[in-house]
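Take a moment with the sequence and the fold before reading on.

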Amino acid sequence: MPLLEGDYDMHMIGSLQTNKVRHLIDKVKMIHSLDRISLAKEINKRAARIDRVMDVLIQVNISGEETKSGFAADEVLGFLKEIEDYENIRIKGLMTMAPHAENPEDIRYVFRDLKKLFEDLKKEDIKNVDMQYLSMGMTNDYHIALEEGSNMIRVGTAIFGERDYSK
């Protein structure tokens, strides 16, 4: 971040440990992976200390994959109601990561189900919730996600190439 010049908005994408919130709360515009109550508490506390409201996306594990984190679809409404008095968090939408599939059509249901949840939650009257963003779709499946209503995609592999995990 110190090497970047110019005016830009930085977003935190990926898993976030609660003990790392303090290092980025004043540096990012949005956190894309709110996946548990302990993280919500920490974000709210740290944002309050700097008199800021942090925009976040709720991570939803629509597929139920054990290797993925996030709330189950039937837990999201209760979670939103539980944190509606957190004055330093603003829920801006939902995000998910579909399971890897050779045929992206096999995971269309993930995107369709998250879109339905997104639309259902938009109808709820919950303080600090402003459902604007539906973040779903990555390099290998973004075209299906867009067809199903995504308005935010993550295509890092297409831009930067495959990760090298050997380093």
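A residue counts as buried when its relative accessible area is under 20%. Keep that cut-off in mind, and remember that this is a predicted model.

Start with helix α2, residues 37–49. Which of its residues are buried? Leu39, Ala40, Glu42, Ile43, Asn44, Arg46 and Ala47 are. These buried residues pack against α1 (21–24), β2, β3, α3 (76–82) and β4 (89–95).

Now check the length of α2. The helix has 13 residues, and at 1.5 Å a residue they should span 18 Å. Its end C-alpha atoms are 19 Å apart, which agrees. After α2 comes Asp51, and the phi of Asp51 is positive, near 55°.

Strand β2 covers residues 30–34 and is mostly covered, with five of its five residues buried. Strand β3 covers residues 54–59 and runs parallel to β2, joined to it by three bridges. Together, β2, α2 and β3 make a right-handed β-α-β unit.

Follow Ile31 to see how β2 is held between two strands. Toward β3, the bridge partner of Ile31 is Val56. What links strands in general? Strands of a sheet pair through backbone hydrogen bonds, either parallel or antiparallel.

Step back to the whole sheet. In what order do its strands lie? The sheet is open, has six strands, and runs β1-β2-β3-β4-β5-β6 with parallel pairing. Why is one side of β1 and of β6 left without a neighbour in the sheet? Both stand at the edges, each with a single partner strand, so one side of each has no neighbour there.

For β6, that partner can be traced. Two bridges join β6 to strand β5 (residues 129–138), and the two run parallel. Within this pairing, Ser135 stands opposite Met152 in β6.

Helix α2 touches β2, β3 and β4, and its direction makes about 160° with that of β2. Helix α4, residues 108–122, lies across β4 and β5. Its direction runs at about 175° to β5.

Go from β2 over α2 to β3, the right-handed unit. Then find β1 and β6 at the edges of the sheet.

Definitions and conventions
Residues are numbered from 1 along each chain as its sequence is written. This is a predicted model: local features need pLDDT of at least 70, side-chain atom pairs count only at pLDDT 80 or more; totals for chains, interfaces and linings use all residues. Side-chain values use heavy atoms; hydrogens and water are left out. Buried means under 20% relative accessible area, exposed over 50%, partly exposed in between (1.4 Å probe, protein chains only). Helices (H or I, at least four residues) and strands (E, at least two) are DSSP runs, numbered from the N terminus. Two strands pair if DSSP finds at least two bridges between them. A crossover is right-handed if, with the strands pointing away from the viewer, the path from the first strand over the helix to the second runs clockwise. The expected span of a helix is 1.5 Å times one less than its number of residues. Contact means heavy atoms within 4.5 Å. Axes are lines fitted to C-alpha atoms, for helices over the stretch in contact, and angles run from 0 to 180 degrees between N-to-C directions.
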